[in-house]
Amino acid sequence: MYVDNQGRTPLHAAALRGDPAEVEQLIAAGADPSTADNNGFTPLHLAAQEGHVGAARALLDGGAEIDRRNRFGNTALFVAVFNSRGRGDLILLLRERGADPMAENASGQTPIGLARLIANFDVAQYFADLGEF
């Protein structure tokens with residue numbers, strides 16, 4: 001299997017591009033959906049970073065570990081909140097699939113804490129079930 005100098009595989013690249021068909025094909029061919037690059041970023045982290053819901057769904061359907069942490073302690077949900085740009089579709093998908101909104105990163109910050117810090121209704125609404133903002 002090809003791995004680039006960042007430790008990224010073709011599955012990382014497909015997730016980053018947002019190509020669900022290629023993600024499914026690579027997983028079917030034996031690619032590990034939870035494999036991490038040199039900084040601990042999994043394909044799911046990269047799909048979350050770019051807001052690629054289809055690729056994220058394909059990764060989760062293929063067995064990706066939802067709360068895997070990168071070297072900074074961030075889960076895909078944290079990355080999705082940080083990069084949401086007012087969109088919540090990926091946050092909603094990850095929450096529906098069981099992502100932990102209370103998972104602390106290496107700095108002690110959580111996805112819900114970051115959403116509160118952002119104080120943006122478009123993000124906050126996906127955590128409304130967890131209390132007041």
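Reader: What should I know before I look?
Author: The model is predicted, so local features need pLDDT of at least 70 and side-chain atom pairs count only at pLDDT 80 or more, while totals for chains, interfaces and linings use all residues. Residues are numbered from 1 along each chain as its sequence is written, and side-chain values use heavy atoms, with hydrogens and water left out.

Reader: Where does UniProt place the "repeat: ANK" feature?
Author: The unreviewed entry puts it at residues 6–38 and 39–71. UniProt positions follow the numbering used here, feature names are shortened, and annotations may be inferred rather than shown by experiment.

Reader: How far apart are the ends of residues 6–38?
Author: Their end C-alpha atoms are 6 Å apart, and the span is 52% helix and 0% strand. For residues 39–71 the end C-alpha atoms are 5 Å apart, again with 52% helix and 0% strand. Helices (H or I, at least four residues) and strands (E, at least two) are DSSP runs, numbered from the N terminus.

Reader: Ok, packing. At what angle do H3 and H4 cross?
Author: The axes of H3 (residues 43–50) and H4 (residues 53–61) cross at roughly 160° and come within 8 Å. Axes are lines fitted to C-alpha atoms, for helices over the stretch in contact, and angles run from 0 to 180 degrees between N-to-C directions.

Reader: Parallel or antiparallel?
Author: H3 and H4 are therefore roughly antiparallel. Angles under 35 degrees count as roughly parallel, over 145 as roughly antiparallel, 65 to 115 as roughly perpendicular and the rest as oblique.

Reader: Which residues of H3 and H4 meet?
Author: Pro 43, Leu 44 and Ala 47 in H3 meet Ala 55, Ala 56, Leu 59 and Leu 60 in H4. Contact means heavy atoms within 4.5 Å. By class there are 7 nonpolar, no polar and no charged residues. Ala, Val, Leu, Ile, Met, Phe, Trp, Tyr, Cys and Pro count as nonpolar, Asp, Glu, Lys and Arg as charged, and the others, Gly among them, as polar.

Reader: And how do H2 and H4 pack?
Author: H2 (residues 20–28) packs on H4 at about 20°, with the axes 8 Å apart, so H2 and H4 are roughly parallel. H2 gives Pro 20, Val 23, Glu 24 and Ile 27, and H4 gives Gly 54, Ala 55, Ala 58 and Leu 59. That contact has 6 nonpolar, 1 polar and 1 charged residues.

Reader: New topic. Where is Arg 95?
Author: Arg 95 lies in helix H6, residues 89–96.

Reader: What does the Arg 95 side chain join?
Author: A polar contact of 3.0 Å links it to the side chain of Asp 129. A polar contact is a pair of N or O atoms within 3.5 Å; within protein, one must be able to donate a hydrogen and the other to accept it, and residues adjacent in sequence count only if both atoms are side-chain atoms.
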